[in-house]
Each structure stands twice: as C-alpha cells, then as structure tokens.
Amino acid sequence: MASTAGLEIRDASVLALVADGEGVVRARADAAGADLAVTAVKAVERVMAEATGAVALGVATPNPEAPAAALAIEAIAAHFPDLFRSRTAIGSGTAGAIAEGWVGAARGAGDFAYFAVAEHAMAGIIRDGRPVTGAHGRAPAVAWLSLNPVEREDYRRSGCLDAEVAGVGIVRRLIWRIKAGDKSNVQNLVKGDLTAITVNLVLDAARAGDGVSISVMRDTAKYLGMAAANLVALGDPELLVLGGIMALATDLLLEPIRTELNRRLPASMAGALTIATASIGAEAAALGAARHVFPST
C-alpha cells in the first residue's frame with residue numbers, strides 16, 4: 001500500500017509522520033530545536049527510515065512566511081527534492097481540515113469548515129471535497145480576523161484573533177488581570193512566577209472555580225464564537241469542526257461558543273449548521289499534509 005509523509009512546522013517544534021492510504025500513521029517523530037530547519041530535516045529523515053516507501057512529502061505550517069518556517073521549508077526542499085515536489089507549504093488549518101475530512105469528524109462531508117486554536121488560530125474550508133485557499137494560498141487567515149475595534153501592537157504582529165485566543169494570548173490576558181490586582185489561584189500554583197503560567201493551568205483553574213480564570217475563558221469563548229460565526233457566515237458550511245483547545249476543553253468552551261453562534265448568525269443558518277469536535281488531535285496538520293500529496297490514482 002502506498003504511503004506519504006507529512007510534516008507540520010510549528011513555532012519551535014515540528015511533527016513528522018508517514019501515513020498509508022487508510023490514514024494509519026506508520027511512523028511519527030516530534031522534535032524541538034532552536035534551528036527549525038535542521039530539526040525538520042532530521043524529523044523527516046527519522047520517519048522515512050522507520051517507514052520506508054513514502055512516495056511524496058507534504059508540508060504544513062501556520063504561517064509559511066514566518067522567517068524560521070520559511071528557512072525550514074527551504075531546507076526540506078533542498079534535502080528531499082524528489083519527495084517535496086510542490087516546494088510550498090499549505091496552511092496548518094487547511095491541512096487539519098483535509099485530515100478531518102479524510103479520517104476524522106468530517107468524514108463524508110463535502111462542505112465543511114475546520115476551526116482550531118493551539119499555538120495559533122487557524123482554519124480550513126472544504127468545498128465540494130476540495131480545500132479553498134484563495135488566490136495566494138493564504139486563506140482562510142482567521143488569525144487576522146478583526147474582532148476588536150481597538151488598535152494594538154500585538155494585533156498588528158499576529159492578528160486580533162490570534163492575540164486574544166491562541167495559547168499565548170489566553171495566558172497574557174490572565175497575567176494582565178493578575179497585574180491589575182485580581183486574585184487568582186494560578187498565581188499561587190506558580191509561586192508568583194507569572195512566566196510559568198500555561199494554558200493548561202488556566203483551564204484547570206477555571207474548572208476548579210477560580211473566578212479570574214473563569215472570566216478569562218468566558219472572554220476567550222466569546223472571541224471564538226464570534227470568529228466561528230464569521231467563518232460560517234462566509235462559507236455557509238454544512239458542518240463546523242472545532243479543534244485544538246476547543247476540542248480539549250469542551251466543558252468550558254463548547255456551549256458558550258454555540259450560544260455565540262446562535263446570537264450572531266441568522267436563525268436559518270445557525271439551525272442548519274452541525275457542530276462537531278475534531279477527533280484527530282495534534283497530528284491533524286501533519287496527517288492532512290500527507291493526505292494532500294497522496295497520489296490520486
């Protein structure tokens with residue numbers, strides 16, 4: 001059975017894998033390093049050695065134009081010219097959508113949207129079974145959705161939605177609240193070292209009843225719901241698949257997001273929409289990249 005390799009290049013790490021035509025992962029390598037180019041090449045070499053016979057390599061990344069990612073893509077093209085024939089990466093959101101439509105929560109759906117938040121906010125739109133990426137391959141760039149009328153430096157760097165709901169943004173908003181004088185149990189958990197706060201600590205504190213963490217997650221859910229409503233309004237999908245933190249923290253986020261969708265969409269559009277949580281997890285983008293280059297015959 002034919003197999004292909006997929007690679008996701010993240011901010012400071014990579015995930016490489018080899019998958020067969022049924023979507024079964026035959027080899028997998030997580031790696032982190034200061035030099036993403038070297039790290040990416042070694043990770044691909046590792047999975048290719050473990051699961052021989054891959055006929056193509058697909059690459060995904062949240063932002064192909066980020067300097068470190070661009071250098072890693074160049075290195076992959078130089079080291080694997082016969083496998084990485086496209087020489088270009090697709091967006092991690094688009095790759096995640098491809099994966100969910102292949103073997104995940106959107107299997108069998110022809111028109112659906114995928115929306116996920118992890119290190120970054122990302123999305124993918126599948127129409128008639130094909131990804132929609134725009135004139136320059138950048139769509140749908142949901143990280144840049146403008147959901148707040150104020151102008152901030154972090155909005156200009158990474159986009160309004162990304163600054164508010166990606167992992168760093170959630171932590172940043174909790175830290176702002178603590179510095180403003182709000183009392184949170186998270187501060188005690190990290191013994192006053194605010195740099196040690198993680199998204200998981202915020203989530204756990206919200207589940208445990210920490211008022212500041214609950215407030216931060218409510219604001220997060222509002223932003224996520226607004227962004228999801230915009231995505232649905234533009235694409236009119238039959239299905240919306242929520243991934244990343246939204247799939248991991250359904251107890252905190254799913255109902256508030258659903259409420260926001262119902263508030264901001266026409267009743268007919270909201271009523272016709274099916275919402276599902278992603279089923280693949282952290283491998284989605286790498287798996288989708290592998291599927292994207294799978295031979296059509």
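Hi everyone, thanks for coming. Please keep in mind throughout that we are looking at a predicted model.

Let's start with the empty space. Rolling a probe the size of a water molecule over the atoms shows where such space is left. Here, the largest pocket comes out at a volume of about 800 Å³. Which residues sit closest to its centre? Among the 37 residues of the lining, those are Thr61, Pro62, Asn63, Pro64 and Glu65. As for secondary structure, two or more lining residues come from each of helix H2 (67-79), strand S5 (90-91), helix H3 (92-103), strand S7 (121-127) and helix H4 (153-158).

Now the second largest pocket, with about 650 Å³ of space. Its lining has 32 residues, and nearest the centre you will find Val117, Ala118, Glu119, Gly244 and Leu248. The elements that each supply at least two lining residues are strand S6 (112-117), helix H6 (167-179), helix H8 (199-207), strand S9 (239-244), helix H10 (245-248) and helix H13 (284-292). Which of them gives the largest share? That would be H8, with four residues. By class, the lining of this second pocket holds 20 nonpolar, eight polar and four charged residues.

I'll take H1 and H2 to begin with. Helix H1 spans residues 36-50, and its axis lies 8 Å from that of H2, at an angle of about 40°. The two helices are therefore oblique to each other, and their crossing is right-handed. On the H1 side the contact uses Leu36, Ala37, Ala40, Val41 and Val44, while H2 brings Ala68, Leu71, Ala72, Ala75, Ile76 and His79. If you like greasy interfaces, have a look at the classes: 10 nonpolar residues, one polar and no charged ones.

Next come H3 and H13. Their axes come within 7 Å and cross at roughly 75°, which makes H3 roughly perpendicular to H13. From H3, the contact takes Ser92, Ala95, Gly96, Ile98, Ala99, Trp102 and Val103, and from H13 it takes Ala284, Ala285, Leu287, Gly288, Ala289, Arg291 and His292. Nine of these contact residues are nonpolar, four are polar and one is charged.

The last pair is H6 with H9, the helix of residues 211-235. Here the axes come within 10 Å, with a crossing at roughly 135°. Is that parallel or oblique? It makes H6 oblique to H9, and H6 passes H9 in a right-handed crossing. Ile170, Arg173, Leu174 and Arg177 of H6 meet Val212, Ser213, Ser215, Val216, Met217, Asp219 and Thr220 of H9. This contact divides into five nonpolar, three polar and three charged residues.

I'd like to finish with the backbone. Most residues other than glycine have a negative phi, and most peptide bonds are trans. Where does this model depart from that? One place is the peptide bond from alanine 139 to proline 140, which is cis, with omega near -10°. Proline 140 is found in the loop between strand S8 (130-132) and H4. Another is arginine 87, which is not a glycine and yet has a positive phi of about 65°. You will find arginine 87 in the loop between H2 and S5.

That's my tour of the model, and I'm happy to take questions.

Terms used
Residues numbered from 1 in each chain as written. Predicted model: local features only at pLDDT ≥ 70, side-chain atom pairs only at ≥ 80, totals over all residues. Heavy atoms only, no water. 1 Å grid on protein atoms, 1.4 Å probe; cavity = no way out; pocket = protein on both sides within 12 Å on 5 of 7 lines; lining within 4 Å. Points joined across faces, edges and corners; volume = space filled by probe spheres on them. Nonpolar A, V, L, I, M, F, W, Y, C, P; charged D, E, K, R; others polar. Axes fitted to C-alpha atoms, helices over the stretch in contact; angles between N-to-C directions. Parallel < 35°, antiparallel > 145°, perpendicular 65-115°, else oblique. Left-handed = near helix turned anticlockwise from the far one by under 90°. Contact = heavy atoms within 4.5 Å.
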